[in-house]
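Dear colleague,

Please find below the structure that I am handing over to you. A short account of the findings comes after it.

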Amino acid sequence: MEGFQLREVLDQRRSEQLHRERLVLDGPQGPEVLVNGKRYLAFCSNDYLGLANHPAVIARFQQAANRYGLGGGASHMIIGHSRAHHELEEALAAFTRRPRVLLFSTGYMANLGVISALVERGDLVCQDRLNHASLLDAGKLSEARVLRYRHADSEVLTNRLSDSNAYRKLIVTDGVFSMDGDLAPLSMLANVAKNNDACLMVDDAHGFGFLGEGGRGSVSHWQLSIKQVPVLVGTLGKAFGTSGAFVAGSEELIETLIQFSRSYIYTTAMPPAIADATQVSLQILESESWRREHLTDLIKLFRDGCHAMGIPLMESMTPIQPILVGDVEQALLVSRKLAELGILITAIRPPTVPRGEARLRVTLSASHSRRHVDYLLTALNQVQGLLNTSN
């Protein structure tokens with residue numbers, strides 16, 4: 001591909017220690033994984049409630065595959081919308097306590113589809129600087145004017161909105177920020193939206209399952225209504241343990257997305273067996289509160305242990321517990337040393353996080369035991385010198 005200089009671009013990325021490589025998993029998700037023939041204790045999955053390998057979910061998937069087959073076959077708007085999809089949408093609507101839900105094949109596509117359907121050229125989209133890449137990309141593709149405000153800073157956001165004479169104003173934020181683990185100040189953002197005639201959209205990919213009443217997420221945690229947060233996005237590949245995403249909202253919102261969301265209209269539906277299996281995940285999520293309670297205990301155990309060792313953690317009450325290292329090379333070194341001790345934690349580097357903020361993104365799951373966390377703390381104690389050097 002002459003003119004594209006792909007080799008030079010890749011060489012540059014390697015020289016900056018930013019080249020990504022995929023791990024090959026030789027088995028199911030779980031606290032202990034097999035990667036390239038070697039076993040590790042993993043602390044880098046988003047399977048927060050430990051449902052990705054749950055026997056009941058697997059059994060339901062197998063039964064549904066026998067009933068519906070494998071592929072979705074077509075888009076939802078042609079002949080791809082199965083009974084399994086429809087029933088899951090109804091179940092998620094009841095779970096989120098909203099009139100309707102619309103399923104998407106991925107969280108990325110949900111965010112692209114929602115923002116592009118709601119705003120256009122001449123409108124304004126205000127985004128938190130630490131929003132997920134899918135939200136940022138969706139803003140760009142919408143052709144609306146996109147302004148990013150300082151992380152969780154409602155004052156800066158207010159100034160952005162008050163200076164605009166846009167017809168439509170959309171505030172977009174993560175409910176839980178995926179790389180920092182902190183919560184968006186949704187109550188403040190809802191007030192800002194109300195006072196500036198704006199609409200608030202929350203991507204709660206990392207909040208559902210753990211936060212709020214019955215695991216209903218960040219919006220439930222802040223006790224906000226559909227009027228305060230009209231647009232709610234969730235993913236099924238994290239706490240739900242399956243795959244796909246959904247948007248929950250009013251009858252008018254969902255019907256608008258069905259008519260105008262290109263990433264919904266022009267995409268093959270997710271496999272119906274996955275939709276059917278997700279109903280079991282949802283039932284477990286709602287009924288087995290011990291998973292959230294156990295996960296809360298593990299978070300406290302981990303944070304207390306790091307505090308006792310003097311290992312600084314970022315402020316987070318969620319299963320996402322980042323250890324800020326700073327230097328890219330140092331973060332990679334610590335990750336490698338932990339791997340030698342049988343611990344798998346990914347070093348997160350730019351452009352996923354800002355330059356100078358490379359980190360170890362520790363994620364905890366209800367499938368972990370206290371023994372697993374104790375071993376992680378023991379391993380961190382052995383590499384603590386490297387962490388102290390890098391800070």
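Predicted model: local features only at pLDDT ≥ 70, side-chain atom pairs only at ≥ 80, totals over all residues.

Asp 123 is found in the loop that runs between α4 (107-118) and β4 (124-128). Its relative accessibility is 3%, so Asp 123 counts as buried, the cut-off for that term being under 20%. Two polar contacts of its side chain may interest you. The side chain of Asp 123 reaches the backbone nitrogen of Glu 120 at 2.9 Å, and a polar contact of 3.0 Å links it to the side chain of Arg 168. When neighbours within four places in sequence are set aside, the residues in contact with Asp 123 include Leu 118, Ala 144, Arg 145, Ala 166 and Tyr 167.

Helix α5 comprises residues 133-141, and Ser 134, Leu 135, Leu 136, Ala 138 and Gly 139 are buried in it. These buried residues pack against α4 and against the strands β4, β5 (145-149), β6 (169-174) and β7 (199-203). Just after α5, Glu 143 adopts a positive phi of about 75°.

Finally, three strands form an open sheet in the order β10-β13-β12, and their pairing is antiparallel. The edge positions are taken by β10 (320-326) and β12 (347-348); each has a single partner strand, so one side of each has no neighbour in the sheet. Six bridges connect β10 with β13 (residues 358-363) in the antiparallel sense. Within this part of the sheet, Gln 321 has Val 362 of β13 as its bridge partner.

With kind regards

Key. Residues numbered from 1 in each chain as written. Heavy atoms only, no water. Pairing = 2+ DSSP bridges. Helix = DSSP H or I, 4+ residues; strand = E, 2+ residues; numbered from the N terminus. Buried < 20%, exposed > 50% of the residue type's maximum accessible area, 1.4 Å probe, protein only. Polar contact = N/O pair within 3.5 Å; in protein donor to acceptor, adjacent residues only side chain to side chain. Contact = heavy atoms within 4.5 Å.
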